[in-house]
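Here is my notebook from a first look at this structure.

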Amino acid sequence: MPARRPTRLAKWLISGPPLLYLLVFFAAPTLIMVLASFRSPGEFGGLAPLVDAAGKLDINVDSYVRFFTEPVFFQVFVKSAWYAALTTVICLLLAYPLASLIARSGKKHRDLLLLLVILPFWSNFLIRIYAWMIILGPNAALAKLVNRVLAAFGAQPVPLLFSSFAVLVCLVYVSLPFMVLPLYANLEKHDQALLDAAQDLGANAWQRFWRITFPLSLPGVYAGAALVFIPALGIFAIPDILGGPDDTLIGNLIKQQFLETRDWPFGSVLSIMLTLAALVLAGTAAWIGRRSAGDSRA
Amino acid sequence: MNFRAIAALLAATVALAAPAHAKDELHLYNWNNYIAPETIKRFEAQCNCDVVQTYYSDNDELLAKLAAGARGYDILVPTSNAVQTLIGGGQLKRIDKTAIPNIKNIDPAYLNTQFDPGNQYSVPYAMSTTIIGYNDVKMKELGLPTDTWAVIFDPKYLQKVKGRVTVLDSANELFAAALKYLGYSVNDVDPKHWNEAADVIKKAKPYWAAFNASSYIRELATGNIWLVHGYSNDIFQANQDAQAAHRPFHILQGMPKQGAVLAVDNMVIHKDAPRPDLALRFINFMLEGRNSADLTNLIGSGNPNMDAIRYIQPAILKLPAVFPPKDVQAKLEQLKDLTIKQRRLRNQLWTEIKAAR
């Protein structure tokens with residue numbers, strides 16, 4: 001037993017700092033948010049005193065009641081989930097061929113291709129969104145081309161900028177690397193011998209993909225889907241800058257509570273609901289992932 | 001790395017850090033682009049100190065940051081309703097008037113307002129109005145009026161400019177404009193009138209390209225957007241950009257005949273200011289006509305400083321949205337702060353407007 005102690009100590013030393021980091025920067029703020037959600041908003045912003053002038057403890061569920069009784073907030077939630085889901089599916093469809101191409105290319109090209117995937121991270125997120133304002137603007141080549149094609153079919157011209165289309169395009173653009181990287185990490189480890197064996201036994205290209213490669217890549221798909229879906233669900237900068245008058249998502253709503261409305265408790269409730277939605281989805285993805293991993297072993 | 005390299009690096013760090021400690025610093029938390037660079041240089045030379053600026057893009061950002069406990073600022077430049085909020089929240093330090101004799105330069109019409117009776121905490125800095133901005137060539141082509149909120153809210157006019165209009169992404173500003181359009185005060189708090197305003201906004205929304213607070217200056221200047229509900233400073237800026245790029249049009253300011261929101265921004269001292277002495281010197285310095293005029297000449301802001309007038313470019317003095325004549329002044333109103341109950345109701349209506357199809 002005494003011989004084990006140092007290793008246990010070492011384990012704690014190694015896992016301690018990240019654990020502490022999570023505790024301080026994730027658990028504590030979440031707890032503060034939960035507490036704030038049961039309090040009243042302050043007249044001038046912030047929170048009202050915990051004990052009011054009459055000496056009564058001011059704790060209530062008003063903000064939760066408001067969330068569940070006003071349908072408009074749920075509507076915005078559903079819309080945000082829809083945008084995030086669309087983004088995830090489009091990213092998956094675009095990232096899969098790209099990731100397998102990178103995984104199958106030679107060692108020399110592979111590093112370069114990976115570098116290209118993460119290259120956009122070298123410039124600031126907001127600058128990249130502003131760049132899309134120029135690309136999608138009505139006087140840019142893209143909008144002119146699209147509208148010329150539409151005109152040829154006798155359709156009315158459409159604006160590309162300030163539209164749901166712009167929001168979706170940009171969401172896919174900023175999320176794509178988060179789908180490519182986990183997929184690549186998974187696909188790169190696949191054993192080529194399996195596919196060779198399948199081919200020898202008469203499986204065609206589609207069967208080889210659908211019955212071998214795709215099931216084996218599912219953990220990468222789930223990881224990528226979670227990395228894309230969850231941030232996309234809470235985003236506010238993209239609809240703010242590129243969206244049209246209808247493109248208000250849950251992230252914009254939360255931002256409004258803390259800025260213009262100065263209603264911290266309701267902002268906290270919306271944030272908690274968003275965190276819960278993300279947790280449930282991540283949990284479900286993990287559960288499906290584990291179950292399918294169990295299936296493939298059986 | 002050997003010992004000598006580390007020692008050299010340390011010495012360099014100390015050498016770099018030292019001058020910053022030697023000199024006094026004034027921390028100014030200000031709107032983006034809201035003081036002329038030459039004014040800063042002049043003050044730095046006069047006080048033998050450094051002005052360290054940080055920026056915010058709206059009052060809400062300033063209030064949220066201070067409510068969350070941000071400290072270290074000497075001077076803030078909030079709009080009157082935010083001054084009211086900051087005073088209510090006990091965030092400000094009283095201003096010693098004997099230290100700022102130049103306050104005599106301020107037009108009495110802008111002193112002793114309901115937001116800060118007796119100017120115990122705040123001194124007017126600059127002003128803007130929330131008005132109509134438009135592309136003169138396009139509006140003339142389409143035969144649209146530019147002196148009424150109807151052009152922003154009435155589908156009869158909007159159908160001609162569908163998709164070429166933006167409005168501010170601010171519930172308070174947009175409701176104020178809609179209330180004015182309906183003939184009410186911008187500070188009307190009757191929920192019935194708010195519902196009417198919300199209906200006006202919902203009917204006009206399908207014709208607007210976006211709710212926009214950040215990029216409409218650029219969109220106006222490039223000719224992508226032809227009509228906006230926006231701030232007089234921004235519209236002035238858009239025209240300067242359009243002229244600099246030799247565009248074949250001007251971006252002009254339209255003062256709606258129903259009246260509009262006037263925003264007066266004020267210098268205040270934070271209660272935990274590290275250098276209240278420098279802050280007072282700065283306020284007195286900014287109240288000098290020439291220094292105050294620099295900002296107006298740079299961004300086309302309105303100016304409550306009577307001594308500044310003689311330094312301001314005549315072309316700017318002629319703009320009615322920047323220097324409103326008496327009859328226009330009578331129709332301008334400053335926004336008052338809302339109570340939390342009113343803010344919740346407004347947010348409810350705003351969310352419904354945004355989510356409506």
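**Domains of chain B.** I started with the domain assignment of chain B, which gives domain 1 as 3–127 + 263–323 and domain 2 as 128–261 + 336–355; such bounds come from an automatic or database domain assignment. Before going on, I noted that this is a predicted model, where local features need pLDDT of at least 70, side-chain atom pairs count only at pLDDT 80 or more, and totals for chains, interfaces and linings use all residues. Residues are numbered from 1 along each chain as its sequence is written, and chains are lettered from A and ligands numbered from 1 in the order in which they are written.

I then looked up the centres of the two domains of chain B, taken over C-alpha atoms, and found them 29 Å apart. Where they touch, 13 residues of domain 1 of chain B are in contact with 13 residues of domain 2 of chain B (contact: C-beta atoms, placed from the backbone, within 7 Å). On the domain 1 side, helix α4 (residues 80–88) of chain B gives the most, with three residues. Helices here are DSSP runs of H or I with at least four residues, strands are runs of E with at least two, and both are numbered from the N terminus. I sorted that side of domain 1 of chain B by class and got seven nonpolar, six polar and no charged residues. For the classes, Ala, Val, Leu, Ile, Met, Phe, Trp, Tyr, Cys and Pro count as nonpolar, Asp, Glu, Lys and Arg as charged, and the others, Gly among them, as polar.

**A helix pair in chain B.** At what angle do helix α8 (residues 171–181) and helix α9 (residues 191–204) of chain B pack? I read about 100°, with the axes 9 Å apart; axes are lines fitted to C-alpha atoms, for helices over the stretch in contact, and angles run from 0 to 180 degrees between N-to-C directions. α8(B) and α9(B) are therefore roughly perpendicular to each other (65 to 115 degrees). Among the residues that meet are B:Leu174 and B:Phe175 from α8(B), and B:His193 and B:Trp194 from α9(B). By class, this contact has nine nonpolar, one polar and no charged residues.

**Helix α13 of chain B.** My last stop was helix α13 (residues 289–299) of chain B, whose buried residues include B:Asn291, B:Asp294 and B:Ile299 (buried: 20 or more other C-beta atoms within 10 Å of its own, with C-beta atoms placed from the backbone). Their cover includes α2 (37–47) and β5 (122–135) of chain B. After α13(B) comes B:Gly300, with a positive phi near 70°.

Notes:
Contact = placed C-beta atoms within 7 Å. Parallel < 35°, antiparallel > 145°, perpendicular 65-115°, else oblique. Buried ≥ 20, exposed ≤ 12 C-beta atoms within 10 Å, placed from the backbone.
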